Amino acid sequence: MEAIDPAYGTGTLLLIAAGAVALLLFLIIKVKLHAFVALVLVSLLTALAAGIPIGDVPDALAFGFSNTLGSVALLVGFGVMIGRLLEITGGAQVLADTLINRFGEKRAPFALGAAALLFGFPIFFDAGLVVFLPIIMTVARRFGGSLLLYAFPAAGAFAAMHALVPPHPGPVAAAELLGANIGLTLIVGVPVAIASWYVGAFLVSQAIGRRVHVDIPTTLFGELNDGRGDTDGTSGDADVSGGGATTTTRTTPSFITVLGVLLLPFVLISFNTVLNTLMTAGVIEEDATWAEYLMILGNTSVALLITVLVATLVLGLRGRSMATVSDILDKSLGPICAIILITGAGGMFGGVLRLSGIGDALSGSLSNLGMSLILQAFIISTLLRVAQGSATVALTTTAGLLSAAVATADLSNLQLTAMVMAIAAGATVLSHVNDSGFWLVSRFFNMDVKTTLKTWTVMETTLGLSAFAISLGLWALA
């Protein structure tokens, strides 16, 4: 669905957007209205207030909701199945023990973040986070303290890689629109992502985690145990089937097996993201059949489906029947229904803000600010991010707005890359209630809106500011 011609001027549209966010926060925090109901209600009121024609309002509401569900529901569903199998078989504990033995107890949060940086290279934020959840929960249960001490380093790592590093779509699109070299953007983006993660996410998350205590959720993967035995109602190491005295000994999977399950979507998704980048760069012919087949395997949803099947075979069927494994997977889906619906409603709210013309009106009024290009890039991207929620939309829109000015500025390759980093930094800061990722983090980590604003929004902002500071340094050096 295309954006509708704005019914009001920029100032009025921005006031409507600000009022909508304020009303949403009031309904959720003060009135205690359920987040899903509040998001749908405020989305409807915003569509009407912004002048979207009555006949188009249902389509406007469905636009953001269906787009978000289309990308999130399968990822979360398959991801939580993988996570449940890792947890119930002791696989998450095996991986957690190995990480802790290598890095030590005090460096457990750093170990989680470092692993997430590696896995986050080809995997999108939401997919990576949901697969990592059982490992985060296992480590948090073992050492205690606030869940944020362990969850935010990993979540921040996925966010940094998703925003700053090709072959993720945002930085790739921005590089193409600005004429930046994708290879150089990749080479520069990796160290920028790591440095900004360490300063803006890891160090900040440890400070936040010591100040804000968040209990470990007890419902996401079902009934929690210590990670070493089963929680599916069986008797630990023995499986007694009806009628006879058949006993099957279950052993925890090896570290190599668990690592292989986690690396499988990493490898498969790499087929898609890397090959797509090579096609864009002209290295591989666009219609190459072999590449298209590998890219299908690397589609995030297909890759996670394959991983669920493999995890069922190598983890779930270790001393269990297929019926038992199916029951385990079925029970894993129940607790995430609210997460999926609330995330979809967050996408609905952001979609209404985009379709109302708020983002276009804002970007049009800011495209000629009379300041340096890199500062323009960060400010415009930040304001677009705050106005409509989507980091990818903020990245691509800002790059498109500035592409003509960049083309006439005769910038060096390093300066063009610095521009991409600055835009990505602006598209990262101030994640709030119109961002579907905000609701994903809020629900997965069992935080209310106020706590999520005080923690996740703050960390996303320091992450983006750290990346912008580095991009300014690159700009000065070029």
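L44 counts as partly exposed, because its relative accessibility is 34%. The terms work like this: buried is under 20% relative accessible area, exposed is over 50%, and partly exposed is in between, with a 1.4 Å probe and protein chains only. L44 sits in helix α2. Helices here are DSSP runs of H or I with at least four residues, strands are runs of E with at least two, and both are numbered from the N terminus.

A word on the model. It is predicted, so local features need pLDDT of at least 70 and side-chain atom pairs count only at pLDDT 80 or more, while totals for chains, interfaces and linings use all residues. Residues are numbered from 1 along each chain as its sequence is written, and side-chain values use heavy atoms, with hydrogens and water left out.

Back to L44. Together with L23, F26, V31, L41, L45, L48 and I54, L44 forms a nonpolar surface patch with about 670 Å² of accessible area. Areas come from the Shrake-Rupley method with a 1.4 Å probe, and for residues only the protein chains shown count as cover. A patch takes residues with over 30% relative accessible area and no salt bridge; like charges are joined within 9 Å, and nonpolar side chains (Val, Leu, Ile, Met, Phe, Trp, Tyr) within 5 Å. A salt bridge means a side-chain nitrogen of Lys or Arg within 4 Å of a carboxyl oxygen of Asp or Glu. Which elements give two or more residues to the nonpolar patch? They are α1 and α2. The largest share, four residues, comes from α2.

Now the charges. Lys and Arg count as positive, Asp and Glu as negative; His and chain ends are not counted. Each charge is placed at NZ of Lys, CZ of Arg, CG of Asp or CD of Glu. A positive surface patch gathers K30, K32, R211, K450 and K454. K450 lies in helix α20, residues 449-477. K32 is in the loop between α1 (10-30) and α2 (35-49). K32 counts as exposed, because its relative accessibility is 65%. A negative patch is formed by E285, E286, D287 and E292. E292 belongs to helix α11, residues 289-298. At 36% relative accessible area, E292 is partly exposed.

Next, backbone angles. Most residues other than glycine have a negative phi. K32 has a positive phi, near 70°. L430 is not a glycine either, and has a positive phi of about 55°. Look for L430 in the loop between α18 (413-426) and α19 (436-444). L430 is partly exposed, at 36%.

Last, the rings. Phe, Tyr and Trp rings (for Trp, the six-membered one) pair if their centres lie within 6.5 Å; planes under 30 degrees apart are stacked, over 60 edge-to-face, and the rest tilted. That rule gives 12 aromatic pairs. F132 and F158 are edge-to-face, at 5.4 Å centre to centre and 85° between planes. F132 lies in helix α6 (125-143) and F158 in helix α7 (148-164), so the pair ties together parts 26 residues apart in sequence. Are F132 and F158 buried or exposed? Both are buried.

Y198 and F202 are stacked, because their centres are 5.6 Å apart and their planes are at 25°. They are four residues apart in helix α9 (182-211), so about one helical turn separates them. Y198 is partly exposed at 36%, whereas F202 is buried at 11%. Ring pairs link Y198 and F202 with F110 and W197 into a cluster.
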